[in-house]
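This report describes selected features of one protein chain. The sequence and the model are shown first, and the description follows.

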Amino acid sequence: MKIVLAPDSFKESMSATEAVTAMRAGVHAVIPDAECVGVPMADGGEGTVDAVVDALHGQYVEAEVSDPLGRTITARYGYIPLRQLAVIEMAAASGLELIPPHQRDVLRASTFGVGQLISSALDRGAEEILIGIGGSATNDGGAGMLTALGAVFVDDQGARLEPGGAALRDLDRVDVSGLDPRLRNIRIHVASDVTAPLLGPTGATAVFGPQKGATPADVQTLESALTQLATITSRTLGKANPRRPGAGAAGGLGFALVEFLGAESKPGVDEVAATVGLERALRGADWVFTGEGSVDAQTIMGKTPFGVAQAAARAGARVVIFAGRVAPDASVLLEHGVERLVAITADGTPIEQALRDGAESLTRATADVCREITGS
């Protein structure tokens, strides 16, 4: 029997790799001769670097970069030398969790640090970059990233704009002649589970701005600023598509990556799956075990377990999703190729205990499922 183990991380409890280890222990406790293929997974958010580095036997690289407010921090990304592939989480440099709530300033928060991570990857010899763009503190349309890579944003007096999204209201011209020439020969893949366009009521600012501390007045300011960015981008490049799904991801970083750097953007779990070779691992599989900390009806909106389940269905394998919490509305997943939903933690378990005992609980739950499917 071949079983593919392809979970995401169980947030605050175990990494995707640790979840694979726990699942494998559960399988082998019941089916000692089972072929277990571990494929740590992610959807472009937290854990993407770890999942790819572990799956492809890469290494970690540290770089000094600017945080969203311009303070120097040490950020980490992954590098796979054999493929000259860098794996970056934008949140490592420009993430919301880097800034305490009382210090958050979405009007001037910048993605400059993301550009510095890309530059570091280029220095290391990367010919391909996978960048996950979840969890941002920013709403600057990627202007900070582009500035770090050599672009210049100026007003109608020729003065350089200050960092942050609000300053883009005064944008008159983007000079891209100084962009790092190495960017012309690199392939950039964007992994995101956000399908928002850049502008409008379902766009970057209206939907995600308030989550980053934007007041109603700030939302108006930033919407105006990103509208100006879209206009000037179209004038500069001869084209721009602010309506493209995903352009609004990470406060418009998705827009800048595609329009200025020619990146390819796909749903995060699909991009990670392609990078780590999930479909190859699924060949001949009888079962696929996946999961993450919590599953509910929103899981079908591009989260890892759903993406893995879709890939498993194409390969003709049966799917079990494990989670610390299975919400009642998660039953919708049973209509999309998932055979079983398994909560690894008993109702009423204190959250601290559930997180502490996550690996043990996952091993036990996996063994229980294996007993059921083998009738042992």
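Is Ile31 buried or exposed? In this predicted model, Ile31 has a relative accessible area of 9%. Because the cut-off for a buried residue is under 20%, Ile31 counts as buried.

Ile31 lies in the loop between helix H1 (16–30) and strand E2 (35–38). Leaving aside residues up to four places away in sequence, Ile31 is in contact with Met1, Ile3, Cys370 and Thr374. The C-alpha atom of Ile31 is also 8.7 Å from that of Ala367, although 336 residues separate the two along the chain.

## The open sheet

An open sheet is built from 6 strands, ordered E3-E4-E5-E6-E9-E10, with mixed pairing. Its edges are formed by strand E3 (59–66) and strand E10 (264–267), each of which pairs on one side only. From one strand to the next, the twist averages 25°.

Within this sheet, strand E5 (residues 85–89) and strand E6 (residues 128–132) run parallel and are joined by 5 bridges. Leu85 is placed opposite Glu128 of E6. Helix H9 packs on the sheet and touches E5, E6, strand E9 (187–192) and E10. The direction of H9 makes about 105° with that of E10.

## Packing of H2 and H9

Two packed helices are described by the angle between their axes and the distance between the axes. For helix H2 (residues 48–56) and helix H9 (residues 268–276), the angle is about 20° and the axes are 10 Å apart. H2 is therefore roughly parallel to H9, since angles under 35 degrees fall in that class. The crossing of H2 past H9 is right-handed.

On the H2 side, the contact involves Thr48, Val52, Ala55 and Leu56, which meet Val272, Thr275 and Val276 of H9. The residues of this contact comprise 5 nonpolar and 2 polar, with no charged residue.

## Packing of H7 and H8

Which residues of H7 meet H8? They are Leu229, Ala230, Thr233 and Leu237, and their partners in H8 are Phe255, Glu259 and Phe260. By class, the residues of the contact between H7 and H8 are 5 nonpolar, 1 polar and 1 charged.

Terms used:
Residues numbered from 1 in each chain as written. Predicted model: local features only at pLDDT ≥ 70, side-chain atom pairs only at ≥ 80, totals over all residues. Heavy atoms only, no water. Helix = DSSP H or I, 4+ residues; strand = E, 2+ residues; numbered from the N terminus. Buried < 20%, exposed > 50% of the residue type's maximum accessible area, 1.4 Å probe, protein only. Contact = heavy atoms within 4.5 Å. Axes fitted to C-alpha atoms, helices over the stretch in contact; angles between N-to-C directions. Parallel < 35°, antiparallel > 145°, perpendicular 65-115°, else oblique. Left-handed = near helix turned anticlockwise from the far one by under 90°. Nonpolar A, V, L, I, M, F, W, Y, C, P; charged D, E, K, R; others polar. Pairing = 2+ DSSP bridges.
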